[in-house]
Structure formats: C-alpha cells, structure tokens
Amino acid sequence: MSTDIEQIKQVMAEADVLYTEQQVEASISKVAAEITAQLADANPIVFCVMNGGLIFAGKLLSQLNFPLEYSYLHASRYRNEISGGELFWKAKPEISLRGRNVIIVDDILDEGHTLSAIAEFCRKEEAANVYTAVLIDKDHDRKASPGLKADFTGLSCVDRYIFGYGMDYIGYWRNAPGIFAVKGL
C-alpha cells in the first residue's frame, strides 16, 4: 500500500491548530516543574513510550535537573492505524524495576488502555511507585476506567483526531510543531 503524500500534506494544510508550539513548550516546562517538585530526590527511572512519547520525553528530560535513569519501552495499540487494537509489545524494559520509582512518559492519554497496561506491567515487576506523565489528556468518557488520569499532564484537548509533538496521523506529522486536529475528525 502506498501513501498519497499529497493527501498527507493536505491534512496538515487543513488542520485546526489546538495548541501552538509556544503553548506546548510552556506546558512541558510546567510538567517538568511538577515532576521536579515531587520526585527530585526519588532516584526515578524514566521510561519513554515509543514512538509517540519521544518528542515529549526528550524535551522534558532536559528540564529534569536531578539524578535519574532513562530508558524506553515500546508498546502500542495503534500500529499506524487510526483506531487501537490489542496491546503489542515491541520492546519491554531491560532494566530492573524492583524497588524503584518509575515515571512513564507518553504523548497522550486517550482511552488509557496502553498506559494502564504499561503501568500494570511495571507494578508486576515490583516497582516501588509508578507515575505517569502525558503531554495531552483527551477529554471524553471512553477512558479504560472511570476517572483515569495521569499523575502529570501538560494539556487537555477536545475529543478529535490530533497529531504533532509525537502524535501521528497514519504514521506522519509526529514532527508537527504544535498540536493539530484533523479536519472533520
């Protein structure tokens, strides 16, 4: 299957800007300050959830001025599709979590199935505490469990198909400088 690059360009041209680059950067600084206030002395392991969490994690890490270990994991339900399926592990953590404080950094809390499954995995690996940090919390009533929230959240957004800052539109526009919503979705 080939991708129609002109259609991909058109998605960006017609997209609605939900948050500008400056607004997103300010929210990342807010999250960094909150994490620092709570966990600066906790010797945490910070896990980036690939691929979506990469940009957020990279920008967040440079603002966490305290000792931490950093690694990644790769679990997904989307696999470049526009709706989620079963959780698929591409790479599990390769560092011991036993007795450690863990911060899971991801791009978005949508329904929360992926983030919840990753947090549960960390608990089963005997992490002392598991915290979650997301750039975006999507506002809707389809969360995996009622009242599901991340411990640290940058921004909230309406229930639309969004992309930018790590979030993609069928594999594209993770690099978009802001948070955008696809026209009509």
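What is the order of the strands in the open sheet of six strands? The order is E4-E3-E2-E5-E6-E7, and the pairing is mixed. Strands here are DSSP runs (E, at least two residues) and helices likewise (H or I, at least four), numbered from the N terminus; two strands pair if DSSP finds at least two bridges between them. The structure is a predicted model, in which local features need pLDDT of at least 70 and side-chain atom pairs count only at pLDDT 80 or more, while totals for chains, interfaces and linings use all residues. Residues are numbered from 1 along each chain as its sequence is written, and side-chain values use heavy atoms, with hydrogens and water left out.

Strand E4 (88-91) and E7 stand at the edges with a single partner strand each, so one side of each has no neighbour in the sheet. Strand E3 (residues 69-76) pairs with E4 in the antiparallel sense over three bridges, and Ser76 stands opposite Phe88 in E4.

Two helices meet these strands. H2 packs on the sheet and touches E5, E6 and E7, where contact means heavy atoms within 4.5 Å; the direction of H2 makes about 150 degrees with that of E7. Helix H4 (residues 113-124) lies across E2, E3, E4, E5 and E6, and runs at about 170 degrees to E5.

The largest nonpolar core has 31 residues, of which Ile35, Leu60, Ile136 and Ile179 touch the most other members. Such a core is a set of buried Ala, Val, Leu, Ile, Met, Phe, Trp, Tyr and Cys residues joined through side-chain atoms within 4.5 Å; buried means under 20% relative accessible area, exposed over 50%, and partly exposed in between (1.4 Å probe, protein chains only). H2 gives the most to this core, with six residues. Apart from it lies another core of 19 residues, among them Val49, Leu97, Cys122 and Leu148.

Within the sheet, Thr132 lies in strand E6 (residues 129-138) and counts as buried because its relative accessibility is 8%.

In helix H1 (residues 5-14), the buried residues are Ile8, Val11 and Met12. Seen down the axis of H1, they fall within an arc of 95 degrees (taken from the directions from the helix axis to the C-beta atoms), so they line one face of the helix. Their cover includes strand E8 (162-163) and strand E9 (178-181).

Terms used:
Axes fitted to C-alpha atoms, helices over the stretch in contact; angles between N-to-C directions.
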